[in-house]
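Subject: Handover of a structure

Dear colleague,

Please find the structure below, followed by an account of what was found in it.

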Amino acid sequence: MPNIKALNDLTTQVRRDILRMVHKVNSGHPGGSLGCAEFFVALYQEIMETKDGFDMDGIGEDLFFLSNGHISPVYYSVLARSGYFDVDELNTFRLIDSRLQGHPTTHEGLPGVRIASGSLGQGMSVAIGAAEAKKLNNDDNLVFSLHGDGELQEGQNWEAIMYASGNKIDNLISTIDVNGQQIDGSTDNVLPLGDLKRKFEAFGWSVVEIKEGNNIVAILDGMTIAKSLTGKGKPVCVLLQTVMGNGVDFMMHTHAWHGKAPNDEQLATGLAQNAETLGDY
Amino acid sequence: MKTYINTGNKDTRSGFGAGLTELGKSNENVVALCADLTGSLKMDEFKANHPERFFQVGIAEANMIGIAAGMTIGGKIPFTGTFANFSTGRVYDQIRQSIAYSGKNVKICASHAGITLGEDGATHQILEDIGLMKMLPGMTVINTCDFNQTKAATLAIAKYDGPVYLRFGRPKVPNFTPENGTFEIGKAVKLTEGNDITIVATGHLVWEALEATKSLNEAGISAEVINIHTIKPLDEKAIIESVEKTGCIITAEEHNYLGGLGESVSRVLAKHRPTPQEFVATNDTFGESGTPTQLMNKYGLNSEAIEKAAKRVLTRK
């Protein structure tokens, strides 16, 4: 049985990491990062089967691809706290000569990252390719991916969504972070996404909805169901309903903190709402 | 002067298909992806021999590039196939982020490059692709001249670990390089020795350069023809050594003079040995419908254009 308290404690520490990382360099994307903290913790601590160490091919382990690369702070924090690299390296986020680039990349050789992302809409195709390679290699492990909801406005996703069902990519679980926000406002105001569940189902995917996407238990339950749906001839989509900026009250329920760092005072407020658990980097 | 025999006209895309067929048998990690142009790319035989390693993605080139990038994770060597226009301009950002910046071992194989695509017209004739691809850090750019060389290049790039853009064409053209010849990425091939002028050509213009050399020879002008099949990395040494002897140079390519082979050569010469240069290339224009021969003639991409350029550049020595 997963230790829920330990997972929640880790999530709180990840929130602190995110706030401190973006505050230090006065740039980066805290909103979406905070909204996905529980998901990343659940994925890396409980859901995915991973090997010790890191190699690019990842044969015999589950793979993860982050398509909405701007939420790199949560990715880096959870990778570091899952042992891919030293947590002290979080100090170098977005600084010159760092492996922790503004958006994730393989270019500097950061363990845990297998593809560059940031220019939106490309990650699902890459995840499908990795899933196809696993099938060719008779590798039974799974491929996971995460995408922003606003990111689905990029047309390449729909090419990928069509391909995945048409070719029975049933070793893929693509999660959509449904927070309803994007840079210019709500997704409803910028370009409505419509009924994503019906859209994915119409495209031939199995769909799992996680209504409480900031609740570790709900995420574990939903992702367990998603895993049980793999291997049945259909790709699996998880619609993860999250709150952008979750865990920091003044950042929640708004797109204002999509790509804006807190000032000193705001950082102090945010950290006070998330007391240190595992130790700051 | 060394002469070359056309062993019979063949299309370079069939050289790619023949190479891919051979790779299918010799390298089980080679996979092929196509965006609804299997016959045009001559990928049918690979598909028939290895249906499990052939991936039809439909009319969705962006997705094809991303899938190819992903398939390298797990050790596959993906060869993507579509027209040059849809292999580059249409998917530039996908190539840039998912392949080039991510350092993925994908071979982007592009047929129907340039104006010799012919009757379909300018929507499909890309004359900017060499420029687009050579600007990407880490991308190798190859433009082969005939069937045999395209087959050899297809085999060679499978052994090279890194992203490659392989450019070839639609029409049947003279096949004159050695059958089963070796292909060394980044190594220029000197086809004729000459003292008066260097002609550096790539793709379909290589044969035209050889044809021009015959007439120039009759006029007492000795031309050194270099086949630059790899535009990036460029064999700078071969170019510099040749112009040290001849003192002037022509570049010839089925591409816009902006961004093409000619500019790459100019950069090398400006840095190491400023040399008079003339450009045989399209003049910052789109193409149009017509037969390949009509178009090559109209847009000045033939042996006659090379001869004229030779006479111009000789006056500038």
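Angles between axes are classed as roughly parallel under 35 degrees, roughly antiparallel over 145, roughly perpendicular from 65 to 115, and oblique for the rest. This is a predicted model, in which local features need pLDDT of at least 70 and side-chain atom pairs count only at pLDDT 80 or more, while totals for chains, interfaces and linings use all residues. Residues are numbered from 1 along each chain as its sequence is written, and chains are lettered from A and ligands numbered from 1 in the order in which they are written.

Chain A contains ten helices and seven strands; these are DSSP runs numbered from the N terminus, helices being H or I with at least four residues and strands E with at least two. Its C-alpha atoms fill a box of roughly 50 × 45 × 40 Å along the principal axes.

Within chain A, helix H1 (residues 4-25) packs against helix H4 (residues 72-81) at an angle of about 130°, and their axes are 9 Å apart. Axes are lines fitted to C-alpha atoms, for helices over the stretch in contact, and angles run from 0 to 180 degrees between N-to-C directions. H1(A) and H4(A) are therefore oblique to each other. Among the residues that make the contact are A:Leu10 and A:Val14 of H1(A), and A:Pro73 and A:Arg81 of H4(A); contact requires C-beta atoms, placed from the backbone, to lie within 7 Å. The contact residues comprise eight nonpolar, two polar and two charged. Here Ala, Val, Leu, Ile, Met, Phe, Trp, Tyr, Cys and Pro count as nonpolar, Asp, Glu, Lys and Arg as charged, and the others, Gly among them, as polar.

Between the chains, 28 residues of chain A touch 22 residues of chain B. H5(A) gives the largest share of the chain A side, ten residues. That side has 13 nonpolar, ten polar and five charged residues.

Chain B is divided into domain 1 (10-173) and domain 2 (189-314), with bounds from an automatic or database domain assignment. The centres of these domains, taken over C-alpha atoms, are separated by 25 Å. Their contact takes 26 residues from domain 1 and 31 residues from domain 2.

Yours sincerely

Key. Two residues are in contact if their C-beta atoms, placed from the backbone, lie within 7 Å.
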